[in-house]
Amino acid sequence: GVNEVNADPLTYEVVGDTVTIKDCKETASGALVIPATYDGKPVTSIGSWAFWKCTNLTSVTIPDSATSIGNFTFHSCSDLTSVTIGNSVLNIMAGAFFRCGSLTSVTIPDSVTNIDIGAFVGCSSLTSIEVGKNNAEYSSEDEVLFSKNKTELIQFPAGKNGHYTIPDNVTSIADTAFYDCSRLTSVTIPDSVTTIGGGAFEGCNNLTSVTIPNSVTSIGGTAFYDCSRLASMTIPNSVTSIEDWTFFRCSSLKSVTIPDNVTSIGDWAFGACVSLTSVSIPDSVTSIGDYAFAACGSLRSVSIPDSVTSISEGAFGRCSSLTSVTIPDSVTSIGYRAFGYCSGLTSVTIGNSVTSIGEKAFYGCSSLTSVTIPDSVFSIYNSAFEDCTSLKRITFGGDAPFFLGANVFSNVSGNA
């Protein structure tokens, strides 16, 4: 049976002959040594979330009896400066030490066979990860965590600062490997690297320079999310897709080169890149995701290639510096709010294959003075041109569309 026992400050769960630490009182303070046994039975597991918000603990010793540290076990133990991991621990689960902002160093014993992604994310003072020499799965070099053979960089300690050169034999940068490394200013990626994982450099808000070699074929979603000081980026020719949120809120990014092999640009891929002034989308691109360039307030020009068949929801919404746009003849539909609130847009050319103009597609384009609706258009949905307060001339290339939603031209110029 299961027996949960509240002791002070720990709560124990006894299942058969094994014991799990389930909880710790938030008032626990100072140095805590977790006992190896309770009621004569071994403590084998430190449970998920067990020490969450134990903000007054300064050090924890995990006994040699324990084999696993659960998900988010020490989440937000903000005063924890040291942890001793017992030499029987096999598993360190996701977020185990999440936001332990005072933790400066950690030693991974030989016994550990699995460290989940993001086990040390948010450890902003962590400068050293050392791995036991006889560990079969992991290794460390210059206090950075790698796979045993050093082909995968798993975790760069977030407290390390300045420049970092990734060793030559690394082929992959793991998901969240440099997540929130806010003191990292530049990084050199060798041409042995083929994969950059999801969220790999997310939140590196002092990273000003990174060169991605042509060996890289895959860049994961959110890889450079919130890299707010990154001013330029060249995506290598070997990359075929730009994933969701990859460069979201790279607010210093002025220019970006999208190579000819890219076929898709993901949702919010360049969203809120407020310094981006121009972007050339190659004609290899067939798909532009929802909100892909939304809120790029400095974007003055964009060329949409005739390989694209639809303009997705919000794709260029709130691009307030965009003055003109040509929608090529390959496009058949313009999505919800695709150009909504593009307040600087004075001219729009809608291609002759467009059959539907989505709800609020040009909503709030307050500088737009005229628009020609080609005879291919079958339906215009609600509020498509609402609040286009300067719109004086609306021309239909053929008959008016079969379907007109509500308020399509509501609050346009009184002279329209």
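**Exercise 1. The surroundings of Ser-76**

Find which residues Ser-76 is in contact with, leaving aside neighbours within four places in sequence, and decide whether Ser-76 counts as buried or exposed.

*Solution.* 
Step 1. Beyond those neighbours, Ser-76 is in contact with Trp-52, Lys-53, Thr-55, Phe-98 and Arg-99; contact means heavy atoms within 4.5 Å. The model is predicted: local features need pLDDT of at least 70, side-chain atom pairs count only at pLDDT 80 or more, and totals for chains, interfaces and linings use all residues. Residues are numbered from 1 along each chain as its sequence is written, and side-chain values use heavy atoms, with hydrogens and water left out.

Step 2. Strands (E, at least two residues) and helices (H or I, at least four) are DSSP runs, numbered from the N terminus.

Step 3. Ser-76 counts as buried because its relative accessibility is 17%. Buried means under 20% relative accessible area, exposed over 50%, and partly exposed in between (1.4 Å probe, protein chains only).

Step 4. Check the backbone: phi of Ser-76 is near 60°, a positive value in a residue other than glycine. Most residues other than glycine have a negative phi.

**Exercise 2. Another positive phi, and a cis bond**

Locate Ala-295 and state which two residues are joined by a cis peptide bond.

*Solution.* 
Step 1. Ala-295 sits in the loop between strand E28 (287-288) and strand E29 (301-303). Its phi is positive, about 60°, although Ala-295 is not a glycine.

Step 2. With 28% relative accessibility, Ala-295 counts as partly exposed.

Step 3. The cis peptide bond joins Asp-8 and Pro-9, with omega about 5°. Most peptide bonds are trans. Pro-9 is placed in the loop between E1 and E2.

**Exercise 3. The hairpin and a strand residue**

In what sense do strands E1 and E2 pair, and which residues does Lys-41 touch?

*Solution.* 
Step 1. Strand E1 (residues 2-6) and strand E2 (residues 10-15) pair in the antiparallel sense over 5 bridges. Two strands pair if DSSP finds at least two bridges between them.

Step 2. E1 and E2 form a hairpin, with 3 residues between them. Within this pairing, Asn-3 has Val-14 in E2 as its bridge partner.

Step 3. Lys-41 belongs to strand E6 (residues 41-46) and, at 25% relative accessibility, counts as partly exposed.

Step 4. Not counting residues up to four places away in sequence, Lys-41 touches Val-14, Gly-16, Asp-17, Val-19 and Ala-36. Lys-41 and Gly-16 are 25 residues apart in sequence, and their C-alpha atoms are 9.0 Å apart in space.

**Exercise 4. The open sheet and the core**

Give the strand order of the open sheet of 5 strands, then list the contacts of Ile-357.

*Solution.* 
Step 1. The order is E30-E32-E34-E36-E38, with parallel pairing. Strand E30 (310-311) and strand E38 (403-404) are the edge strands, each pairing on one side only.

Step 2. Within the sheet, strand E34 (residues 356-357) and strand E36 (residues 379-380) pair in the parallel sense over 2 bridges. Ile-357 stands opposite Ile-380 in E36.

Step 3. Leaving aside neighbours within four places in sequence, Ile-357 is in contact with Ile-334, Ile-350, Phe-362, Ile-373, Val-377, Ser-379, Ile-380, Tyr-381, Ala-384 and Phe-385.

Step 4. The largest nonpolar core has 86 residues, and Phe-178, Phe-201, Phe-224, Ile-357 and Phe-385 have the most contacts inside it. A nonpolar core is a set of buried Ala, Val, Leu, Ile, Met, Phe, Trp, Tyr and Cys residues joined through side-chain atoms within 4.5 Å. Apart from this core lies another, of 43 residues, among them Val-19, Cys-24, Leu-57 and Val-60.

**Exercise 5. A buried loop residue**

Determine where Ala-119 is found and how far its C-alpha atom is from that of Asp-387.

*Solution.* 
Step 1. Ala-119 is in the loop between strand E12 (114-115) and strand E13 (128-131).

Step 2. At 1% relative accessibility, Ala-119 counts as buried. Neighbours within four places in sequence aside, Ala-119 is in contact with Ile-92, Met-93, Ala-94, Gly-95, Ala-96, Phe-97 and Phe-98.

Step 3. The C-alpha atoms of Ala-119 and Asp-387 are separated by 49 Å, and the two residues are 268 residues apart along the chain.
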